[in-house]
Amino acid sequence: MSSRSISIDIEAAPQKASLAQTDGEAIIAAADVHKTYAGAGEPVHALRGVTLSVARGEMVTIMGPSGCGKTTLLNCLSGLETIERGEIFVEGRSIHDMPDTERTDHRARRMGFVFQFYNLLPVLSSVENVELPLLLAGVGQRESRDRAMQALENVGLKDWAGHRPAQLSGGQRQRVTIARALVNDPAIVWGDEPTGDLDSTNANQIMDLLEDLNQRNQQTFVIVTHDENIGRRANRTIHMRDGLIEGETIHRELRS
Ligand SMILES: Nc1ncnc2c1ncn2[C@@H]1O[C@H](COP(=O)(O)OP(=O)(O)OP(=O)(O)O)[C@@H](O)[C@H]1O
Ligand SMILES: [Mg+2]
């Protein structure tokens, strides 16, 4: 599967590291992003000047030791958290310069999240969980239900629409989360260890699904993982350490 695998040392080639794989449009472009958390003790400089770009339709994984800033990076790129310095453009727009309401709206319409802490609501069935973002966005009940059913079908869970999360396996639950993330047909899907709780068989099935969606719909995926086997299934892995990008590995070219 892997046609080429290269590593770029950011010390040796700071200009080349972490640029999008094609010369085409970068759907995400970040330059010199800094993020500090001020807590009770010493401030934590979680991002110390991150520069990267991701091409539309690319699947990128982000890897690095615990605490190196991966979740912080996703939160900053998606506009969930503010930044102190630097710039982030998503689909050509500077997300941190947008008014709050516009940023929230942009996120709801253009982004999907598969985060472990984005739990499913236990009292709702699969289809009710999946249709919730649509109902909240003001889509009518009938259309929301139809689209939620379609999204469940896309992840192979049509027959489990009426089940509640407690009646599903871990892998099935994560599929419901993915259906919910994708029901709005987002341009970008962010995943923070989407396979973290799953055994390797289930993890690979989830990755098959994400890969299929990525290729079928040209959606862009940015996925944090600790698992090398998951990491190398992307077009490219970005390696982080200590609040910085230290290099990248290209696994397969993005088809343009
Ligand atoms: N809300 C917060 N307040 C204070 N410090 C934080 C906060 N969130 C993260 N940090 C700190 O910022 C640094 C980066 O954290 P982050 O969660 O981004 O790491 P990570 O790479 O996702 O780690 P893991 O692989 O364990 O999930 C850590 O030192 C962490 O303690
Ligand atoms: Mg994390």
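By class, the shell around ligand 1 has four nonpolar, six polar and one charged residues, where Ala, Val, Leu, Ile, Met, Phe, Trp, Tyr, Cys and Pro count as nonpolar, Asp, Glu, Lys and Arg as charged, and the others, Gly among them, as polar. This is a predicted model, in which local features need pLDDT of at least 70 and side-chain atom pairs count only at pLDDT 80 or more, while totals for chains, interfaces and linings use all residues. Residues are numbered from 1 along each chain as its sequence is written, and chains are lettered from A and ligands numbered from 1 in the order in which they are written.

**Stop one: the ligand**

Select ligand 1 together with the residues around it, which are Tyr 37, Gly 39, Val 44, Ala 46, Ser 66, Gly 67, Cys 68, Gly 69, Lys 70, Thr 71 and Thr 72; a residue is counted here if its C-beta atom, placed from the backbone, lies within 6 Å of the molecule. Two elements each give two or more residues to this shell, namely strand E3 (44–55) and helix H1 (70–77), and such names refer to DSSP runs numbered from the N terminus, with helices (H or I) of at least four residues and strands (E) of at least two. The largest share, three residues, comes from H1.

**Stop two: the sheet**

Moving on from E3, show the open sheet of four strands, whose order is E3-E2-E5-E6 with antiparallel pairing; two strands pair if DSSP finds at least two bridges between them. The edge strands, each pairing on one side only, are E3 and strand E6 (93–94). Strand E5 (residues 85–90) is joined to E6 by two bridges, and Phe 89 stands opposite Ser 94 in E6.

**Stop three: helices H3 and H4**

Two packed helices are described by the angle between their axes and the distance between the axes. Colour helix H3 (residues 126–136) and helix H4 (residues 141–154), which pack at an angle of about 125° with their axes 8 Å apart; the axes are lines fitted to C-alpha atoms over the stretch in contact, and angles run from 0 to 180 degrees between N-to-C directions. That angle makes H3 oblique to H4, because angles under 35 degrees count as roughly parallel, over 145 as roughly antiparallel, 65 to 115 as roughly perpendicular and the rest as oblique. Among the residues that meet here are Val 127 and Leu 134 in H3 and Ala 148 and Leu 152 in H4, contact being counted when C-beta atoms, placed from the backbone, lie within 7 Å.

**Stop four: from H3 to H5**

The contact is made by Ser 126, Asn 129, Val 130 and Pro 133 of H3 and by Val 176, Ala 179 and Arg 180 of H5, and by class it has four nonpolar, two polar and one charged residues.

Key:
Two residues are in contact if their C-beta atoms, placed from the backbone, lie within 7 Å.
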